[in-house]
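Subject: Structure handover

Hi,

Here is the structure we talked about. Please open it alongside this note; my findings follow.

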Amino acid sequence: MLAFTTFLSLAALAPLLNVSGLVLKRSGCSLSGVKLSNLPSPLVAPSSPASFVGIAIGTQNYTCSSTGTYTNVGALAELFDASCVYNTPIFSSLPGIVSAAWEIAPPSLPVSEVISTLHGFSTDSVLGQHYYVTNPITGSGIDPKWDFTSQGADAGKSDAFVVAAKVNGASAPTGSQDIDWVQLGALTGNLAKQVYRVQTRLGQPPASCTVGSKDIQVKYTALYYGFGGSV
């Protein structure tokens, strides 16, 4: 466990990346060329400039319902800046590479510990965290939040977050083991007007469960894009 968190810390703190012989900045690269196209129906391409692009490691969290199937009750993830690898050969392989590393991390290492460990450092490589909160409009139910207020380039900016609601979803083209791709629209916050979860890996629960069994956390990775932010 110590070795994995140490590896993450060193990776996040490194100021430069070496990708296919090219030395690149670790974070904070221009988003002017970032686009999102070829989305599966019914997802619709974004209509605003990109605000962020990040690779996430985390868990999708489930509870066993009275019907003996798992119901999603949220997620917890850490987002790393992927802007500097967007236009490199590694970008298309990034979700698979990160997923393989996260999947073999010790089962005893929760994503909350990864987040806690990386919070001990000052680095723009970490964009922020993704988790669920009570719907800020209705006061009931839960919706996803992307929170960049405490870490990364937007640390200290109180409006560097977005709580969003699902607009559209589609099965992952990569297979049934991977959670859906989704398009979301902002409810509150200025981090983005539109958020997309794509290129997902893993995250799906078992097909059935025993009623009364404990909640489970299923590891996943995904690319998250934000568009139309005004932070």
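Lys145 is in contact with Gln129, His130, Tyr131, Val133, Phe161, Val162 and Val163, leaving aside its neighbours within four places in sequence. Contact here means heavy atoms within 4.5 Å.

This is a predicted model: local features need pLDDT of at least 70, side-chain atom pairs count only at pLDDT 80 or more, and totals for chains, interfaces and linings use all residues. Residues are numbered from 1 along each chain as its sequence is written, and side-chain values use heavy atoms, with hydrogens and water left out.

**Lys145**

Lys145 belongs to strand 6 (residues 142-147). Strands are DSSP runs of E, at least two residues; helices are runs of H or I, at least four; both are numbered from the N terminus. Lys145 is buried and has no salt bridge. Buried means under 20% relative accessible area, exposed over 50%, and partly exposed in between (1.4 Å probe, protein chains only). A salt bridge needs a side-chain nitrogen of Lys or Arg within 4 Å of a carboxyl oxygen of Asp or Glu. The nearest side chain of opposite charge is Asp147, 4.3 Å away. For charge, Lys and Arg count as positive, Asp and Glu as negative; His and the chain ends are not counted. Lys145 does lie over the face of Phe161, at 4.8 Å from the ring centre. The criterion is NZ of Lys or CZ of Arg within 6 Å of the ring centre and within 35 degrees of the ring normal.

**Lys219**

Lys219 sits in strand 10 (residues 216-227). Lys219 is also buried without a salt bridge. Its nearest side chain of opposite charge, Glu103, is 8.2 Å away. The charged end of Lys219 is over the ring of Trp102, 4.7 Å from its centre. The Lys219 side chain also reaches the backbone oxygen of Ala105 at 3.0 Å. That is a polar contact (a pair of N or O atoms within 3.5 Å; within protein, one must be able to donate a hydrogen and the other to accept it, and residues adjacent in sequence count only if both atoms are side-chain atoms). Beyond four places in sequence, Lys219 touches residues including Gly58, Thr59, Arg201 and Leu202.

**Gln183**

Gln183 is in strand 8 (residues 181-188). It is buried, at 7% relative accessibility. Its side chain reaches the backbone nitrogen of Val44 at 2.9 Å. Gln194 is 11 residues away along the chain, with the two C-alpha atoms 7.3 Å apart. Gln194 is also among the contacts of Gln183, as are Pro42, Leu43 and Val44.

**Aromatic pairs**

There are 6 aromatic pairs. Rings of Phe, Tyr and Trp (its six-membered ring) pair if their centres lie within 6.5 Å; planes under 30 degrees apart are stacked, over 60 edge-to-face, the rest tilted. Tyr62 and Tyr70 have ring centres 6.5 Å apart and planes at 70 degrees, so they are edge-to-face. Tyr62 is buried at 5%, and Tyr70 at 18%. Tyr225 and Phe227 have centres 6.1 Å apart and planes at 5 degrees, so they are stacked. Tyr225 is buried at 4%, Phe227 at 1%. Tyr196, Tyr225 and Phe227 form one aromatic cluster.

**Overall**

The protein has 3 helices and 10 strands. Their order along the sequence is α-β-β-β-β-α-α-β-β-β-β-β-β. Of its 231 residues, 48% are buried. Among contacts between residues at least 6 apart in sequence, 64% join residues at least 24 apart.

Best wishes
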